[in-house]
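This briefing sets out the main features of the structure shown below.

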Amino acid sequence: MPRTRRTHHRFSPSVFTALRPALRRDAEVPHAPFAAPPKLRRALEGISATLTSSPRTSPPRLRRALGGIPLKAIAVLIASCACFCASVFFYLAFTGACANASTFVLRGAGIAQSEAQAICEQAASTCDSYSLVFWPQMDGSASRNEADTGNPVYTRLTTAKLDKDGFPITADTLLSTLSIECDQLEYGLLSLASFLALLAYPLAFGVFASIRCRRFRTRETMPVPLTLFGFTVPALVAVAATATFASSLPEFGRYLPSVWSDFSAWASAAEAASDSVALIASTAKGATDLRLLFPWICSVALAAGSTVLAAGAMRGCARWDSGGAAHARKDG
């Protein structure tokens, strides 16, 4: 097989010297394998300029939208939601503690241990038997009446909320069956007060949304979907408030008159409620009472605080919304 002879081409330095300027010009020319359409190139350049520009050189609408966000109002709104959730937690704790029991305060100076034991035996022997628990006013500690004798004097009585037939046990029930004169501590009124305090929080948001949607209902040039939305929001708020109130009637209906058109019945109900609250406030508080009333106090305080914070947040959002609408009309 014949051998192939390799040939070597030698270039003189003068050849490289002559080609060097051309190679340099070719290296400096940018090679663009793909050229974007003019519209797409202008859109990309606009997006890049918007992202890289400083706030001073950004478009006025974008600068106002980013700079006018009510961060303080949003922070206050988050704080109000946290307070509302904590208030709901304490409300459930309070209602759960007094859901299945009724507490009564014995009239007079109280009864001795022997009398309490006889009453318990009498209650167990009746056909409508129900459990009774007597306890001293100060949770077992000696009071002034028992300081000399050393025998406990019972001033409180706790029973189940319902008897075996499902009827509520009241002060009249104890008087007719066991001849015990006592007054009932209506902790249900405290539950009603905390429930109304909690209801004020979502109701405030509903009223605020209804007011802000008023412009959708009053402007003649507003599109039909937005006009319907403006009428739908207050209607939903009214339906939700009515449904919530109706769902609470089985629990709190006993504190309301049966005939709502009877104003004298409302006056009597208000007087009975004030007397019950005065009795709870005037009764001496022991450790058991404090453990029961502490969740209620926390619930009412947090509910009121959440409503106040929500009002401040809504005021800030309303100012921001009004300012944005004014700028939009000015730019338009």
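A residue is called buried when its relative accessible area is under 20%, exposed when over 50%, and partly exposed in between. Cys182, with a relative accessible area of 3%, is therefore buried. The model discussed here is predicted. Its protein chain contains 11 helices and 4 strands, and 25% of its 332 residues count as buried.

**Overall organisation**

- Among contacts in the protein chain with a separation of 6 or more, 74% are made by residues 24 or more positions apart.
- The structure holds 0 disulfides.
- Cys298 has a relative accessible area of 16% and is therefore buried, given the limit of 20%.

**The largest nonpolar core**

- The largest nonpolar core is made up of 16 residues.
- Leu132, Phe134, Leu157, Leu174 and Ile180 have the most contacts inside this core.
- At least two residues of the core come from each of β1, α5, β2, β3 and α6.

- Helix α6 spans residues 171–178, and Ala171, Leu174 and Leu178 are buried in it.
- Viewed down the axis of α6, the buried residues fall within an arc of 75 degrees, so they line one face of the helix.
- In general, an α-helix has 3.6 residues a turn, so residues three or four places apart point the same way.
- Asp172 and Ser176, on the other side of α6, are exposed.
- The cover over the buried residues of α6 includes β1 (101–106), α5 (113–125), β2 (132–136), β3 (154–160) and β4 (182–184).

- Ser102 is located in strand β1.
- With a relative accessibility of 3%, Ser102 counts as buried.
- Apart from neighbours within four places in sequence, Ser102 is in contact with Leu157, Thr158, Thr159, Ala160, Lys161, Ile169 and Gln184.
- Ile111 is found in the loop between β1 and α5.
- The relative accessible area of Ile111 is 14%, so this residue is buried.
- Not counting residues up to four places away in sequence, Ile111 touches Leu106, Ala116, Ile119, Phe134, Pro152, Val153 and Tyr154.
- Although Ile111 and Tyr154 are 43 residues apart in sequence, their C-alpha atoms are 5.3 Å apart in space.

**Helix α9**

- Helix α9 covers residues 224–252; at 1.5 Å a residue, its 29 residues should span 42 Å, and its end C-alpha atoms are 42 Å apart, which agrees.
- Thr227, Gly230, Val233, Ser248 and Phe252 are the buried residues of α9.
- These buried residues of α9 pack against α4 (71–97), α7 (187–212) and α8 (214–218).

**Aromatic pairs**

- A pair of aromatic rings is described by the distance of the centres and the angle of the planes.
- The structure holds 5 aromatic pairs.
- One of them, formed by Phe84 and Tyr201, is stacked, at 4.5 Å centre to centre with 15 degrees between the planes.
- Phe84 belongs to helix α4 and Tyr201 to helix α7, so this pair ties together parts that are 117 residues apart in sequence.
- Tyr201 counts as buried, because its relative accessibility is 6%.
- Phe90 and Phe294 form an edge-to-face aromatic pair, with 6.4 Å centre to centre and 90 degrees between the planes.
- The pair of Phe90 in helix α4 and Phe294 in helix α11 (residues 287–331) links distant parts of the chain, 204 residues apart.
- Phe90 has a relative accessibility of 21% and so counts as partly exposed.
- Phe84, Tyr201 and Phe205 are linked into a cluster by ring pairs.

**Leu77 in helix α4**

- Leu77 has its place in helix α4.
- Its relative accessible area is 27%, so Leu77 is partly exposed.
- Leaving out residues up to four places away in sequence, Leu77 touches Tyr201, Phe205 and Ala313.
- Leu77 and Ser306 are separated by 229 residues in sequence and by 8.7 Å in space, C-alpha to C-alpha.

Conventions. Residues are numbered from 1 along each chain as its sequence is written. This is a predicted model: local features need pLDDT of at least 70, side-chain atom pairs count only at pLDDT 80 or more; totals for chains, interfaces and linings use all residues. Side-chain values use heavy atoms; hydrogens and water are left out. Buried means under 20% relative accessible area, exposed over 50%, partly exposed in between (1.4 Å probe, protein chains only). The arc is that of the directions from the helix axis to the C-beta atoms. Contact means heavy atoms within 4.5 Å. The expected span of a helix is 1.5 Å times one less than its number of residues. Rings of Phe, Tyr and Trp (its six-membered ring) pair if their centres lie within 6.5 Å; planes under 30 degrees apart count as stacked, over 60 as edge-to-face and the rest as tilted. A nonpolar core is a set of buried Ala, Val, Leu, Ile, Met, Phe, Trp, Tyr and Cys residues joined through side-chain atoms within 4.5 Å. A disulfide is a pair of cysteine sulfur atoms within 2.5 Å.
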